[in-house]
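Have the sequence and the model open side by side as you read.

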Amino acid sequence: MRPRLSVRTLKRLLFAGAAVGGVGAVIVTVVPEVASRFHEIEASYSKMAEKVGLDKRLPNTSLMEQPSGSVMAFEDQRKQMYNPLPPRKDILKSLEEEEFDILVIGGGATGTGVALDAVTRGLKTSLVEKFDFASGTSSRSTKLIHGGVRYLQKAIFNLDIEQYRMVKESLTERANLLNIAPHLASSFPIMLPVYKWWQLPYYWAGIKMYDVVAGRQVLKPSYILSKTKALELFPMLKKDKLVGALVYYDGQHDDARMNVSLAITAVRYGASVANYTEVVSLLKTTDDDGKERVTGAHVKDRLSGREWDIKAKCVINATGPYTDRIRTLGKENIKKICQPSSGVHVVLPDYYSPESMGLLDPSTSDGRVIFFLPWQKVTVAGTTDRPCDVSDYPQPSEDEIQFILKEIRNYLSPDVEVRRGDVLSAWSGIRPLVSDPNKSDTQSIARNHIIEVADNKLITIAGGKWTTYRSMAEETVDRAVIACGLQPAQKCCTKGLLLDGAHGWSPTLFIRLVQDFGVENQVAQHLAATYGDKSFKVAKMCNLTGKRWPVLGKRLHEEYAYIEGEVKYAVREYACRAVDVLARRTRLAFTNVFAAKEALPRIVDIMAQELGWSEERKKEELEHADLFLRREMGLDIKQTSDVRLNFSKDEINQYVKRFKSLDYQNKGFITINDLRRYFKKIGERVSEDQLHDILSEVDLNRNAQVDLGEFLQLMNAIKLGRVSNSRFAMAAQSCVDESEVKAIPVERSGGGV
């Protein structure tokens, strides 16, 4: 009997065929348009080059070659990058005494990008940031430099030309960002697994469209994989019903370091840039026509408490989620233009993903997109997207963490147990989306930006995303020049302008660090990928380890490549508080909040030596950084239990006594060393693996520690009959009365909670 096609299957075939045909049509129509546009750009560039006396040929856009078409010659850039950085007190003095063309409020990606654009045009530029550079959204991204596959899909299906233009602009800026900071950013493959055969041509069509829109600036062509090859490259992937996979390329970077590099580069070109300087109010004057104008800001140094006025011809508001707060300082009772959205990410151990392949879940259970990416020797997963209120201290929630873990389980092999206790850190970033009153959900709002020039000449740049910071800055300064009558020495020259650390960088620079300074290979690679050609300065600040190898580079934590010399260098890059080093000059707080807490005392000691802190200030820094880790990095989020504790007062006292009997030195938690000490005391030989098994029975958070709450959960489970013969509980009970100590069988007989 001849097999019959169902209506559903026929629809899928037609849909897939239409998708493939659509790609063919796009290639036929778009490629000639791209080529035509390129010739227009080439002609425009030739005219501009002729005016300023440069080579008329269009600059080479190869990612492996230095751009040659910048208004500033390469050697001039290099000299600027090696100018010494002025100390923070000198910058604050200049902010107080001098008058500026432009004052930028906000030290995130957009704000520092605006400052760099303005100062390289020859405008006298200043910038103030309430906290540290990249302390907000700019350090809490998904770490991708991308055009937005999701936005391209919406542009096509909704026939939205604005979304299409945003994707096209993003892909152009992506190529530029990889050019100007090759040590911080690189191309990165992302796999899209396919579990329904009809989706293969559909997704292939979309990914190929992404390549086509990128045109000459495509990083690497996308390609299709068989099921076998997909599992070979991503062995953790769920193989049941897997049809195949697609791989496309985007960029990946260290977002906080990129932001700090933008700020440092602006300072090297002459901008007065200060962190921990808060705008209290805006200065206003009346012009000859009787109109009110914003002409500066009254600011406060959050470290010393001192206040003063900064005078400027133009004030630019680039404060991200705080956009509307600054706008209301200019004029009260104005309509809000920014709708904040919270995006949570979680960090898992590196074994959750291959070292050099990411994963994209194109359609989660609530219709969003989740990325699963290796980064900084860990795995980052996210993000959520929920409306929120603006806060100085955004916090991840347990519900959002569980949502991400649930979505991850859908794509990973059943052999990989996705455990809540494996979460090394979690953070929330507030994205400054441009609001649309006609739409209720933030996921349907594009990351487009808007520039507002108020009647009082306060200029606001809002929205956008990391990838397009440079073009946003260019457009903003262009508007500022017109609106405020500024007179720059030249036009925008940030396209191709290398950032701090890029000029002398090469892919083999880390080898020189190993050979010349005697640092570990892993440490050398980390330094080269973070500081570029400035990594030699970091190495020179390192003390001798006292070992045969490595000669230099004592680690802040034995599991991570961050070293003590980086703390000293961070102070010279305006790190003012311990959290600046933990979270932004290094990424330890983001990669492992537990390791960050362990490294914190040493970081404070080094900063105290560099900055002359008193014992009282050191204590303050320890408390401030500890609060940051607990509140913003997920250290205080505990795994919830559906079972309520059902103990009498006497029972609680008894269990607390048992807990304290094992907690040697009254630390507030029990470690494997406490268990080792107990078994040694009773003469019981227990292997290291068995010790870890005993601890893991009750270590819900998988942080190698058992706190009182976890211990009580175990006791509650035993009382309810859910756990029997727990060796951990037996050890605690037998510790209470030394005369009743009994040998405990070596075989594991109990389970965990």
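A residue is called buried when its relative accessible area is under 20%, exposed when it is over 50%, and partly exposed in between (1.4 Å probe, protein chains only). Helices (H or I, at least four residues) and strands (E, at least two) are DSSP runs, numbered from the N terminus. The model is predicted, so local features need pLDDT of at least 70 and side-chain atom pairs count only at pLDDT 80 or more, while totals for chains, interfaces and linings use all residues. Residues are numbered from 1 along each chain as its sequence is written, and side-chain values use heavy atoms, without hydrogens and water.

Let's begin with helix α4. Because 12 of the 12 residues of α4 are buried, the helix is largely enclosed by the rest of the structure. Its cover includes β1, β2, α9 (255-268), β10 (307-317), β18 (459-463) and α12 (469-484), where contact means heavy atoms within 4.5 Å. After α4 comes G122, with a positive phi near 95 degrees.

Now for strand β2 (residues 125-128), which is covered on both faces: T125 and L127 are buried on one side, S126 and V128 on the other. Its pairings are tabulated here; two strands pair if DSSP finds at least two bridges between them.

| Partner of β2 | Bridges | Direction |
|---|---|---|
| β1 (residues 99-105) | Four bridges | parallel |
| β7 (residues 272-274) | Three bridges | parallel |

Within these pairs, I102 has T125 as its bridge partner, and L127 stands opposite V273 in β7.
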